[in-house]
Amino acid sequence: MAEGRDPSFDGRPHDCPGTDSNEAGKADACQGCPNQGLCSLGQLAGPDPAIEEIKEKMKTVKHKLLVLSGKGGVGKSTFTALLAHGLAEDETTQVAVLDIDICGPSIPKIMGLEGEQVHQSGSGWSPVYVEENLGVMSVGFLLSSPDDAVIWRGPKKNGMIKQFLRDVDWGEIDYLIVDTPPGTSDEHISIVQFLSSARVDGAVIITTPQEVALQDVRKEISFCRKVKLPVIGVVENMSGFVCPKCKKESQIFPLTTGGAEMMCRTLNMPLLGKVPLDPQIGKSCDRGHSFLAEAPHSPATLSCRNLIQRIQDYCNQNSPQEENMI
């Protein structure tokens, strides 16, 4: 990432040659940077104008939440859907989901919108709606088939994220929930950079109890701290299994290092709660239905509702009187 960008973002490579260098856009450090083309042409003398455009667009969005995890398969998209459905149960609350998992967009399937297409109006792209107060945008809506592979390099993925933030007609929204891919790479750097002037409430980090997941989640927490992205807290997903008949709880994943609770204690990080396994969650996601509505008495539903309430409380308590940087 070239110099001259948002000064609050300190995650840029240390070996960035800078916009004034003859190596701008040509050095090894420039590979994959969203500004590589502009730097090589000498066109990036100041901040990306899209950041200000996105700031204006995001003025109609009250709360912005990122759902993150360094590990794949821990349930980020599932939790994003649960959070969105839970918030949207209040018909006076406007909710939107932005899926920036460019190469593996699963939100259309989980939200029951597979096969839908994006429509364009005079004010930009229109989200696809699950309910009147729950809209969704995903690259999955731009593919001719759900089986199509998205084979894009970093700059094209970054451009897509920019377009989603700048060109979608989000309207007046209470909560924008951003579902991200695993890791701490292009998409994560881009979403933080593009929202740098629009203020993100914070990130919800998803993990499962076993150490192989926690290792990557620690990296995600480190990423958030480096880019000054507030962390609302950690959710331990698939945290045990409660038998629906005998009500006995079993640990499916081994707590070899104490699970998310011990990690949060060590890193001084809030643990928002634990969501137990429930086979109905997978069935609801496959059908594109709300698990919270289909299994209202499940221990997982009760846990999710407590988590959602904690996230709402955090957003309400941390709502600024004026816009600040991340």
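A residue is called buried here when its relative accessible area is under 20%. I note at the outset that the model is predicted.

**Entry 1: strand 1.** I looked up the cover of strand 1, residues 61-68, and found seven of its eight residues buried. I then traced its partners. Strand 7 (residues 173-179) runs parallel to strand 1, and six bridges join the two; Val61 stands opposite Ile173 there. Strand 8 (residues 202-207) also pairs with strand 1 in the parallel sense, over four bridges. Within that pairing, I recorded Ala203 of strand 8 as the bridge partner of Leu66.

**Entry 2: salt bridges.** My search of the whole structure returned 13 salt bridges. I examined Lys157 and Glu187, whose closest N and O atoms are 3.2 Å apart. This pair links distant parts of the chain, since Lys157 belongs to helix 5 (residues 154-167) and Glu187 to helix 6 (residues 186-194), 30 residues apart. Lys157 counts as buried because its relative accessibility is 11%, and Glu187 counts as buried at 6%.

I next examined Lys219 and Asp216, which form a salt bridge with closest N and O atoms 3.8 Å apart. They are three residues apart in helix 7 (residues 211-226), and therefore about one helical turn separates them. Lys219 is exposed at 51% relative accessibility, whereas Asp216 is partly exposed at 22%.

I also noted a network of salt bridges linking Glu53, Arg166 and Asp167.

**Entry 3: surface charge.** I located a patch of negative charge on the surface, made up of Asp90, Glu91, Glu131 and Glu132. Asp90 sits in the loop between helix 3 (76-88) and strand 2 (95-99); this residue is partly exposed, with a relative accessible area of 38%.

Terms used: Residues numbered from 1 in each chain as written. Predicted model: local features only at pLDDT ≥ 70, side-chain atom pairs only at ≥ 80, totals over all residues. Heavy atoms only, no water. Buried < 20%, exposed > 50% of the residue type's maximum accessible area, 1.4 Å probe, protein only. Pairing = 2+ DSSP bridges. Patch = residues over 30% accessible without salt bridge, like charges linked within 9 Å, V, L, I, M, F, W, Y side chains within 5 Å. Areas by Shrake-Rupley, 256 points an atom, 1.4 Å probe, with all protein chains shown as cover. Salt bridge = Lys/Arg side-chain N within 4 Å of Asp/Glu carboxyl O. Lys, Arg positive; Asp, Glu negative; His and termini not counted. Charge placed at Lys NZ, Arg CZ, Asp CG, Glu CD.
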